[in-house]
Amino acid sequence: MKISECYNCGSRQHTFYAEENGFSLVKCDQCGLLFVENRPDDREISQAHKQGKHVGVKEFDVTGRFRPSKIPQYLKVLENLFKGDLGSKKTWLDIGCGHGEFMTAVQKYSSGKVTVKGTEPNVHKQESAISRGLNVSYFDIESHEERYDVISMLNVYSHLPDPPTFLRSVKKLLNPGGELILETGDAAGFSANDQPRPFCLPDHLSFASEDILIGILARLDFEILRINKYSFMQFDLNSMARELVKAILPQYKSRIGYYLKWKMYAQTDMFIRARIKS
């Protein structure tokens with residue numbers, strides 16, 4: 001499917017940025033959004049999300065596995081966002097909940113006082129989350145009728161064919177004064193040579209920036225309460241040593257170049273807490 005118009009600013013002017021797995025990533029000349037120009041059609045995207053398998057020149061699986069090490073990281077994120085005060089929040093929906101690590105963190109952070117529900121298109125991730133006793137299924141956001149005090153979307157934004165339209169549907173599911181927790185990368189400003197690879201195209205369909213996200217949320221009548229940023233990789237001596245070994249062995253791909261530029265990537269994993277304007 002040929003996409004010629006930037007979903008953020010509507011410009012049709014863009015410049016080639018990079019190519020991967022048979023797909024072209026372009027940069028909007030007006031706002032700087034990075035997006036896949038020749039992305040799969042909506043049916044193919046939906047099927048790929050259900051099975052976790054994406055096809056290009058090569059097929060790859062993004063299902064992964066449950067990672068308990070994420071839970072303490074998410075607890076730290078929640079503390080940074082809420083400072084121990086969830087107020088009167090009682091209901092929480094986690095869109096694209098994966099294996100359920102963030103849902104588990106929310107339950108722990110709220111001491112079980114918040115009812116957390118998850119929706120996940122990947123059937124294998126659904127089964128993984130359900131096996132841990134979590135309330136996870138999959139439903140269409142546009143036709144869903146329940147309302148929530150908080151809706152979170154972690155590592156979902158870049159997979160959406162049309163994020164502004166999807167966020168508009170999400171907003172309808174929030175109670176008055178409801179809040180959105182949105183996590184995505186703030187890396188659209190990097191040059192193609194400095195951009196962390198792989199892009200994982202066509203699983204990822206676009207890459208935004210802090211300014212782009214703030215603008216989209218403002219147009220949807222959200223007010224920004226807090227923005228926190230983290231390193232997209234854990235920088236420690238053990239990780240560094242592993243990447244050095246990979247750099248020596250030809251059968252492995254090393255990320256040593258990114259570790260050497262770790263300061264550049266130290267503030268790229270972005271969590272935004274926003275609230276519907278009253």
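The model is predicted, so to speak of local features we require pLDDT of at least 70, side-chain atom pairs count only at pLDDT 80 or more, and totals for chains, interfaces and linings use all residues. Residues are numbered from 1 along each chain as its sequence is written, and side-chain values use heavy atoms, with hydrogens and water left out.

I begin with the sheet. Four strands form an open sheet in the order β1-β2-β3-β11, with antiparallel pairing. Strands here are DSSP runs of E with at least two residues, numbered from the N terminus, and two of them pair if DSSP finds at least two bridges between them. Because β1 (14-20) and β11 (206-207) each have a single partner strand, they stand at the edges, and one side of each lacks a neighbour in the sheet. The antiparallel pairing of β3 (residues 34-36) with β11 rests on two bridges; Phe35 has Ser206 in β11 as its bridge partner.

I turn to the rings. Rings of Phe, Tyr and Trp (its six-membered ring) pair if their centres lie within 6.5 Å; planes under 30 degrees apart are stacked, over 60 edge-to-face, and the rest tilted. There are seven aromatic pairs by this rule. One of them, Tyr230 with Phe271, is edge-to-face, at 5.7 Å centre to centre and 90° between the planes. Tyr230 belongs to β12 (residues 222-230) and Phe271 to β13 (residues 269-276), so this pair ties together parts 41 residues apart in sequence. Elsewhere, ring pairs join Tyr74, Phe82, Trp92 and Phe102 into a cluster.
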